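Please work through the exercises below with the sequence and the three-dimensional structure at hand. Each one sets a task and is followed by a solution in steps.

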Amino acid sequence: MTGHLYPFLRPGATTDEELTRSTVAKATESLHLRLRVLNDLGPALTACADALATAFRNGGTLFAFGNGGSSTDAQSVAHLFSTGDPGGASNPGNPGGTSNTADKGGTGDSGGAQPALPALSLTGDAALLTALANDVDFDVVFARQLAALGRPGDIAVALSTSGGSANVLRGLEQARRTGMVTVGFAGSGGGRMAEENLADHLFVIPSSSVHRIQEAQTTAYHVLWQLTQQALDQR
Amino acid sequence: MNQHAPAAGPLGHAAAARTAPGTALAQDAQRITAAARDLAARFRRGGRLLTFGDGPAAADAGHVAVEFTHPVIVGKRALPALSLSTDTPSTGASPTLFAARLRLLGRPDDIAMGILTDARRGGEVLDALAAARALGMLTIALTSGEPPQGDSGSGGPDELVAGGGASSAADHVLVARSDDPLIAREIHVTTYHLLWELAHVFLESPDSLESNPPGCRDDVCLTCADAATPVHITELRPGGLALAATDAGTEEISVALVQAQVGDVVLVHAKEAIAVLGGESR
């Protein structure tokens with residue numbers, strides 16, 4: 001079963017050199033994909049950041065959602081926007097990152113703590129998720145939350161590697177009905193998310209590997225947060 | 001390295017800042033492979049993976065747990081992993097209970113993976129790693145440090161200011177070579193994806209590890225099957241169980257998730273029937 005992951009492996013022929021070489025290749029592929037995404041999707045990320053800045057300036061709230069590994073990415077997006085804090089060595093005692101006067105030194109290129117913005121993940125509440133999945137259908141777990149919580153001018157950030165998860169797509173559909181700014185992250189050609197044009201700002205990672213897609217999406221939403229903070233600074 | 005013309009402005013800056021840490025990760029391939037080998041050996045002994053992370057890395061601890069227990073690649077077996085960071089009623093607002101939770105749940109054969117992206121909060125993760133080590137667990141730390149000087153990539157974790165002193169806190173310390181916490185986090189995501197893949201390679205390659213899990217024969221054990229296997233239901237038993245005829249004998253499986261009858265052919269993954277293919281003999 002390792003055939004499609006490690007096609008060079010034959011039974012009994014696994015050597016450390018082969019595995020190391022393959023690991024080097026995968027790490028390098030990950031880097032190249034990240035650089036390609038920044039290069040190719042950069043202008044679209046900048047345009048999206050401007051739209052998010054406008055929405056936040058007008059009092060909008062960001063809602064992030066996805067399944068499985070992408071649900072943890074949704075939590076990361078919500079954490080980053082809502083704390084304004086990329087982590088790092090500075091600002092002890094200011095984990096909330098709510099202060100504009102925080103020390104911005106010593107945290108590398110992320111620039112240290114930034115203003116906190118209203119952002120929530122729709123994947124963290126087991127009571128809600130199990131209630132909706134049990135009582136209605138798993139396809140509605142995000143759409144129903146957005147129908148209840150979302151307001152026109154809010155932001156929906158959908159994360160998927162396939163672009164085909166029914167509950168994620170229904171979340172985007174609901175967000176658009178509500179009049180929210182819709183942002184979609186996908187891979188593998190974009191799936192239905194791309195075919196049906198379900199996101200105002202769509203970022204399709206050009207890879208068919210779930211892992212490489214997630215890795216490049218991480219870079220894309222980190223940079224999206226930085227660009228959003230810069231856009232907010234500029235007025 | 002970058003085949004694209006460097007863009008100006010923040011995007012060009014973002015790309016440039018990622019090149020050295022990404023290259024350094026590739027240079028750490030041997031360390032990652034070594035950690036995965038030990039990880040696989042512990043799984044084979046029946047160990048479980050317990051993950052935990054500081055503020056921003058709590059989500060990554062959850063990601064690692066779902067990666068191992070529910071692989072994205074169809075046919076990969078489920079490996080036991082759980083995140084100590086996702087159970088908020090147990091850990092509350094404070095992660096200081098990681099070590100206590102670990103002492104409660106951990107067993108000597110288990111693996112502890114601590115993820116540190118934020119040196120300010122690294123203490124709780126380091127405490128938990130120390131507790132894991134005291135229990136005899138295998139310990140793996142994903143941490144961050146200064147970028148490598150020059151291009152040699154030879155600076156090992158011991159030479160780095162690694163996540164507030166993690167350099168000696170774990171059996172395997174895998175360092176994201178960036179002082180930017182967002183970029184360090186991105187490197188961690190790639191690192192744990194690689195660890196997952198390599199652990200499966202080691203588990204599936206009989207020559208690379210010493211022994212098979214107890215009670216399994218290569219040709220029969222449905223628990224260890226890497227792919228879903230079609231089997232024939234011969235008898236239904238109480239408690240959602242059933243006996244299934246395989247090419248190599250009869251095994252007990254669970255049919256709790258499907259509506260299966262005697263005579264049905266069901267698809268079994270990890271001893272659990274996941275689909276009814278049809279009633280062959282009815």
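The exercises that follow concern a predicted model, and they go from the sheet of chain A to its helices and then to chain B.

**Exercise 1. Describe the make-up of chain A and the order in which its elements follow one another.**

Step 1. Counting the secondary structure of chain A gives 7 helices and 5 strands.

Step 2. Read from the N terminus, the elements of chain A follow the pattern α-β-α-β-α-α-β-α-β-α-β-α.

Step 3. Chain A has 235 residues, of which 56% count as buried, and among its contacts between residues at least 6 apart in sequence, 68% join residues at least 24 apart.

**Exercise 2. Work out the strand order of the sheet in chain A, and say which strands stand at its edges.**

Step 1. The 5 strands of chain A make an open sheet in the order β2-β1-β3-β4-β5, and their pairing is parallel.

Step 2. The edges are taken by β2 (119-121) and β5 (201-205) of chain A; each has a single partner strand, so one side of each is without a neighbour in the sheet.

Step 3. On average, and with direction ignored, neighbouring strands of this sheet are turned by 15 degrees against each other.

Step 4. Within the sheet, strand β1 (residues 62-66) of chain A is joined to β3(A) by 5 bridges in the parallel sense, and F63(A) has A156(A) in β3(A) as its bridge partner.

Step 5. Helix α1(A) packs on the sheet, where it touches β1, β3, β4 and β5 of chain A, and its direction makes about 160 degrees with that of β5(A).

**Exercise 3. Characterise two helix pairs of chain A by the distance and angle between their axes.**

Step 1. For helix α4 (residues 141-149) and helix α5 (residues 166-178) of chain A, the axes come within 7 Å and cross at roughly 20 degrees.

Step 2. Angles under 35 degrees count as roughly parallel, and α4(A) and α5(A) are therefore roughly parallel to each other.

Step 3. The crossing of α4(A) past α5(A) is right-handed, and the residues that meet include F142(A) and L146(A) from α4(A) and V168(A) and R170(A) from α5(A). By class, this contact of α4(A) with α5(A) has 7 nonpolar, 3 polar and 1 charged residues.

Step 4. For helix α1 (residues 16-57) of chain A and α7(A), the axes come within 6 Å and cross at roughly 35 degrees, and this crossing is right-handed. The residues of the contact of α1(A) with α7(A) divide into 17 nonpolar, 4 polar and 7 charged.

**Exercise 4. Is R212(A) buried or exposed, and which residues is R212(A) in contact with?**

Step 1. R212(A) is found in helix α7 (residues 210-233) of chain A.

Step 2. The cut-off for buried is under 20% relative accessible area, and R212(A), at 2% relative accessibility, therefore counts as buried.

Step 3. Leaving aside neighbours within four places in sequence, R212(A) is in contact with K26(A), E29(A), S30(A), L33(A) and S207(A), and also with H193(B), L194(B) and E197(B) of chain B.

**Exercise 5. Describe the sheet of chain B and the placing of a helix and one of its arginines.**

Step 1. In chain B, 5 strands form an open sheet in the order β2-β1-β3-β4-β5 with parallel pairing. Its edge strands are β2 (81-83) and β5 (172-176) of chain B, each of which pairs on one side only.

Step 2. Strand β4 (residues 138-144) of chain B runs parallel to β5(B) and is joined to it by 5 bridges; the bridge partner of A141(B) in β5(B) is V173(B).

Step 3. Helix α5 (residues 98-105) of chain B lies across β1 (49-53), β2 and β3 (111-115) of chain B, and runs at about 175 degrees to β1(B).

Step 4. R101(B) is found in helix α5 of chain B, and R101(B) is buried, with a relative accessible area of 15%. R101(B) and A128(B) are 27 residues apart in sequence, and their C-alpha atoms are 8.6 Å apart in space.

Methods:
Residues numbered from 1 in each chain as written. Chains lettered and ligands numbered in written order. Predicted model: local features only at pLDDT ≥ 70, side-chain atom pairs only at ≥ 80, totals over all residues. Heavy atoms only, no water. Axes fitted to C-alpha atoms, helices over the stretch in contact; angles between N-to-C directions. Helix = DSSP H or I, 4+ residues; strand = E, 2+ residues; numbered from the N terminus. Parallel < 35°, antiparallel > 145°, perpendicular 65-115°, else oblique. Left-handed = near helix turned anticlockwise from the far one by under 90°. Contact = heavy atoms within 4.5 Å. Nonpolar A, V, L, I, M, F, W, Y, C, P; charged D, E, K, R; others polar. Pairing = 2+ DSSP bridges. Buried < 20%, exposed > 50% of the residue type's maximum accessible area, 1.4 Å probe, protein only.
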